Amino acid sequence: MTDMSERFMVVPVDRGDARAGEDRVDGDSVFLDAGAGEDERRGSVPILQYSREPNRFGAGNPRESSPFINNTDDEKGNLYDGKNMALFEEEMESNPMVSSLLNKLANYTNLTQGVREHEEADEDEGAKKKTVKSPQMGTFIGVYLPCLQNILGVILFLRMTWIVGTAGILESFIIVSMCCSCTMLTAISMSAIATNGVVPAGGSYYMISRSLGPEFGGAVGLCFYLGTTFAGAMYILGTIEILLTYILPGAAIFKTEVKELQAEAMLNNMRVYGTCCLTLMALVVFVGVKYVNKLALVFLACVVLSILAIYAGVIKTIFEPPVFPVCLLGNRTLQNHDFDKCLKTDIINNVTVTTKLWSLFCKGPELNASCNEYFTLNNVTEIPGIPGLTSGVISENMWSSYGPAGMLVEKPIEAETASDGSQDIYMPYVVNDITTFFTLLVGIYFPSVTGIMAGSNRSGDLRDAQRSIPIGTILAIVTTTIIYLSCVVLFGACIEGVVLRDKFGDSVKGNLVIGTLSWPSPWVIVIGSFFSCCGAGLQSLTGAPRLLQAIARDGIVPFLEVFGHGKANGEPTWALLLTALICESGILIASLDAVAPILSMFFLMCYLFVNLACALQTLLRTPNWRPRFKYYHWALSFLGMSLCLALMFISSWYYALVAMLIAGCIYKYIEYRGAEKEWGDGIRGVSLNAARYALIRLEEAPPHTKNWRPQLLVLLNLDSELSVKHPRLLSFTTQLKAGKGLTIVGSVLEGTYLTKETEAKRAEQNIKSAMTAEKTKGFCHVVASSNLRDGISHLIQSAGLGGMKHNSVLMAWPASWKQSNDPQSWKSFIETVRETTAAHQALLVAKNIDSFPHQERLTEGTIDVWWIVHDGGMLMLLPFLLRQHKVWRKCKMRIFTVAQMDDNSIQMKKDLQMFLYHLRLNAEVEVVEMHESDISAFTYEKTLVMEQRSQMLKQMQLSRTEREREAQLIHDRNTASHSALNDKADATPERVQMTWTKEKYFTERNRNREAIANMAVRDLFNMKPEWESLKQSNVRCMHTAVKLNEVVVCKSQDAHLVLLNMPGPPKNSEGDENYMEFLEVMMEGLNRVLLVRGGGQEVITIYS
């Protein structure tokens, strides 16, 4: 995967061209050795070197320092002196010429990131560093042999014969075929990923993380690390098993003569020796990895020689089978340790004497001693352990022979049965040491096909990684699959079934079973497998810490950062220590058969995600997905993924669940705490496709009332420092949304985008920080506009996408509108109200937003809803949504509605309670009666002050001529509005109506006409002279605001939150200041108020 967000360094490579120094610009390269001579510099051209180190210049995404883009060289001008490209001179400041780019790409090399650098650092310590040469490994040495060495190992030598004997040839064939098919399909997927661009050193972890993103990358990377570490434990246990069972049985520390305790003693020996072996290997790796690498060829030679010895032995059995007799008592196999002759009695000097075998089953050496019943009933027979390829034993070994722990290993022949078998466990029979079944064998066998990543892990050492990795890996898998399948058949055809099922070779004098088949001697396999396991263990202890170091240096798992450090030469010391500790936990398990399924899980998890990465990239048709390896298909990757998942649960369902839980926990941790990385991963592609599909589906139809929820556009004000003025607006958004639905946080900067680009980005960052602090999940949108009003208009119109558009606007009440000399502050507010109405969007205006609760939970109190005009149910829905959040959970909901003179308030209350019951809302209901009363002097005074202030503001802003024109216009409009008042059928937007149904509205309108006429006559003599000029509609609106305020303050002064219907603004803009005054009066004396204006759509329903 090519990834342009990684860091590249330019390093010199000797080109050997005398003219290179003349044509080159020195500024284009950064030399590894600052003290290099001028001659050395002159013979170099700049090339790219991939750097695995994290970015040192900040915690964000790694920055590019490549010549591809944003190259700011001081002497760049020299390259473009010609006039042919004058048109593109400005572009050249940030983008290189194609010729320059191609020149640098042609000389690209991918230097070793692993062991070779550390070797050189050790060798050249204190000396001048030499120029690093490009890697020269080919397919055979660089990929094929390492894969072969990693795949063939401990399971083949120690468990393969036992698996064939227990499962039978047919089922063993199925096990091997399944596991090899899984690795082959994974290798195909891996080849596609590995050839999709340059794969820097880091191998499988790099491929998965860059294909599936940091969360999956980290989870799978750590699973792969744990798998490699447990593999180290398995190889060490294999080494100790070979040592104590076949090479030096006398070296055991814990010994016992009691048969049933022998297994436990052996496990304790494994723990002690395994810990010593681990310590020794860790020291070797710590002292110098170069020794491990130099021995790699020796270990590989051991594996190859051992396999050749097996094939040679199979061929020899045709002519001359090796002599390894097996002693049977009846049909039971005997452990051939404590006796030399397979006889009950022997004739020596014409005297019949008992043998050592007799004394094992009888209470004395006498011929008349009491003996075991089964021993008495059955004869002893001796059969060849290796009958040979042409013996026909293959037919007997075709079928499985599973059984519980302690089951006797028997040959299927006739034998007398004893009535009492209770003493059998104390007799020297060969028995099953563990309960065997098909799925267990799959788990134990699978580690023998792992190791396919060995080639991709060495990608930094290869001459042409894109060609070598697919060919080498697939050839290695084909080779090992042929070896395994042929071994299954050949073992079943050459070796006696009871010997195959004898795990530790007790029936053939403690020989390694596979060794009995080899030629020229069993010791070839014993010594070969011992060194092979040693080497594999060392390589696991070398590779695992480097993998952990790579993950730690990527910075995606914060608590692992300490493991990114190491010795001065880069050796991962801390990572090695952790690896040794985890490895020790595997060694303490002590049983090879118990450790194998654990590492099977982790490797299968890793392979599953490699297949998933390939399938995703193929199905999504990512533009960057252009692998050179063409023989892949998403169906193959999907099949591989399914096979991996199936094998996980076949092997051990509980281990599979634990492995998935570990991976899931790591994934969620990285998602929650990890550094944000953008690696162009496939999961992001899936998200984009899913989002696109969902958006297109959402666009098809408007949401049903049942699905309606406030999708908020939050309009924020920024201060001069571009910080958020009212962060509590974001807190309130979080409380209202409870993490659900859409939230778009918008703000407007005055000016053009060209001049405000950097400020807009800074503002966006500040808003995002505030959103994070207030736990608001959503999107941020900052626009630059010539004026505030237009910017807000643009946001209301264009924020959101498709079906994910906002349906409600939340903003703060402009508290300082009276003190402001600039009327634009409240004018833009009123225009926002008008535009939300025109766009059929709901509007929420919060007064005293800074006094709203933050994260502290409110004690018991009330949320009061004043339901005056039916607005689609917004007033009912909002308190319900708020009470879902912990801050408002303890608050009770109260609903107040206003009754007029001719309303039946008792019936209204019953109706409202029934309505709330059907809505499934719990709330107290109260009907407030507002009786018709005279307009008070206070109201007239308020109106007078309001109008005088309005006139004064206008006089300050208008010239004399404009003032006269304005006065005439006001007079004309007043006349028109008075005449229109009685004729207009529906004046609801003009003034606040104390109604909640259409019928009541008409009744109230007719009554108002009479009341206005009567009032005019009655109050004629009480009026002050200056009151006469007041506009009657203003007086009536002020009367409504004052009366409503009195009632609300009386009932809801102590409420935690008051929700009020927001009256609409006047149709014309003449009375805008008056409208602001009405709202101010209506909210006077209340602490926290939320004005709500519905969007003209029902948002709550009684239906299910």
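**Helix packing, burial and a nonpolar surface patch**

Helix 10 (residues 289-319) packs against helix 15 (residues 465-494) at an angle of about 35°. Their axes lie 11 Å apart. The crossing of the two helices is left-handed. Helix 10 brings Ile307, Ile310, Tyr311, Val314 and Thr317 to the contact. Helix 15 supplies Ile482, Ile483, Ser486, Cys487, Leu490, Phe491 and Cys494. In general, an α-helix has 3.6 residues a turn, so residues three or four places apart point the same way. The model is predicted.

The protein as a whole has 1104 residues, of which 52% count as buried. Its secondary structure comprises 34 helices and 17 strands. Among contacts with a separation of 6 or more, 81% join residues 24 or more positions apart. The accessible surface comes to about 51,500 Å². Carbon and sulfur atoms account for 58% of that surface.

Helix 28 spans residues 874-882. Eight of its nine residues are buried, so helix 28 is largely enclosed by the rest of the structure. The buried residues are Met874, Leu875, Met876, Leu877, Leu878, Pro879, Leu881 and Leu882.

The second case is a single residue. Glutamine 149 lies in helix 5, which covers residues 139-151. Its relative accessible area is 10%. The cut-off for burial is under 20%, so glutamine 149 counts as buried. Neighbours within four places in sequence aside, glutamine 149 is in contact with Ala296, Phe299, Leu300 and Gln539.

The surface also carries a nonpolar patch of about 590 Å². Leu645, Phe649, Trp653, Tyr654, Leu657 and Met660 make up this patch. Two elements each give two or more residues to the patch: helix 21 (634-651) and helix 22 (653-673). Helix 22 gives the most, with four residues. Leucine 645 belongs to helix 21. Its relative accessible area is 36%.

Conventions:
Residues are numbered from 1 along each chain as its sequence is written. This is a predicted model: local features need pLDDT of at least 70, side-chain atom pairs count only at pLDDT 80 or more; totals for chains, interfaces and linings use all residues. Side-chain values use heavy atoms; hydrogens and water are left out. Buried means under 20% relative accessible area, exposed over 50%, partly exposed in between (1.4 Å probe, protein chains only). Contact means heavy atoms within 4.5 Å. Accessible areas come from the Shrake-Rupley method with a 1.4 Å probe; for residues, only the protein chains shown count as cover. Patches are made of residues with over 30% relative accessible area and no salt bridge: like charges are joined within 9 Å, nonpolar side chains (Val, Leu, Ile, Met, Phe, Trp, Tyr) within 5 Å. A salt bridge is a side-chain nitrogen of Lys or Arg within 4 Å of a carboxyl oxygen of Asp or Glu. Axes are lines fitted to C-alpha atoms, for helices over the stretch in contact, and angles run from 0 to 180 degrees between N-to-C directions. A crossing is left-handed if the near helix is turned anticlockwise from the far one by less than a right angle, and right-handed if clockwise.
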